[in-house]
Amino acid sequence: MPFSLVPDVVLDRYVQLTPAWLRERGITLLLSDLDYTLAPKSVRRPDNVLKAWIAALQAEGITMMIISNNRSPERVEEYCAELGISYQGHAGKPSPRGLLAAMEMVGVGREHTAMLGDKLLTDVLAANRAGVLALMVEPMGGAVTGWQKVLHTLQRPFKTLSPEDLRKEV
């Protein structure tokens, strides 16, 4: 399992990942973090933009699944139920076990899987350890706490090493 904090692709927001872009890379399973990746943590329900984006992925045969470290499954369950998608809770990121379990559940291999997240130390590291395409977005809602501000500052050098930077292209 490779240990790397460098994402394969850096984006501003999840909506930059179009079904065509994912298909060009052979991706049929998109795993995603929830908090700060698809919505700020304070948002309890998915908005219409997220619903439409997931519907567009599904229309193109791309399965979407949430991979969450949340201790309480309530928010994730509600969110996923409203979106009509599955989730893998208690994923243990940066361990790859949650990602591997999700791939096994769907029956999709590493070469056709991507992981989308906002944190290097959990999402990107788990993706790299699992051998899947590591996609990193800027956190929705931005850095709020002092710790988040420090963490986001520490992530900058690794983002600059990404082979593909799609920020500011939306």
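**A buried lysine, a helix face and a cavity**

Modeller: This is a predicted model. Lys93 sits in the loop between β4 (86–88) and α4 (97–106).

Biologist: Is Lys93 buried or exposed?

Modeller: The cut-off for buried is under 20% relative accessible area. Lys93 has 6% relative accessibility, so Lys93 counts as buried.

Biologist: With which side chain does the side chain of Lys93 make a polar contact?

Modeller: Beyond four places in sequence, Lys93 touches several residues, including Asp33, Asn69, Thr122 and Asp123. The polar contact of its side chain spans 2.8 Å. The partner is the side chain of Asp123.

Biologist: Where do the buried residues of α3 fall, seen down its axis?

Modeller: Helix α3 covers residues 74–83, and its buried residues are Arg75, Val76, Tyr79, Cys80 and Leu83. Seen down the axis, they line one face of the helix, because they fall within an arc of 120°. In general, an α-helix has 3.6 residues a turn, so residues three or four places apart point the same way.

Biologist: Which elements do the buried residues of α3 pack against?

Modeller: One partner is a helix, α2 (48–59). The strands are β3 (63–67) and β4.

Biologist: Which residues line the largest cavity?

Modeller: The search of the whole structure finds one cavity of 30 Å³ or more. Its lining has three nonpolar, three polar and two charged residues. They are Tyr36, Asp118, Lys119, Pro139, Gly142, Ala143, Gln148 and His152.

Technical notes: Residues are numbered from 1 along each chain as its sequence is written. This is a predicted model: local features need pLDDT of at least 70, side-chain atom pairs count only at pLDDT 80 or more; totals for chains, interfaces and linings use all residues. Side-chain values use heavy atoms; hydrogens and water are left out. On a 1 Å grid over the protein atoms alone, a cavity is a set of points where a 1.4 Å probe fits but cannot get out, and a pocket is an open set with protein on both sides within 12 Å along at least five of seven lines; lining residues have an atom within 4 Å of a point. Grid points are joined across faces, edges and corners, and a volume is the space filled by probe spheres set on the points. Ala, Val, Leu, Ile, Met, Phe, Trp, Tyr, Cys and Pro count as nonpolar, Asp, Glu, Lys and Arg as charged, and the others, Gly among them, as polar. Helices (H or I, at least four residues) and strands (E, at least two) are DSSP runs, numbered from the N terminus. Buried means under 20% relative accessible area, exposed over 50%, partly exposed in between (1.4 Å probe, protein chains only). A polar contact is a pair of N or O atoms within 3.5 Å; within protein, one must be able to donate a hydrogen and the other to accept it, and residues adjacent in sequence count only if both atoms are side-chain atoms. Contact means heavy atoms within 4.5 Å. The arc is that of the directions from the helix axis to the C-beta atoms.
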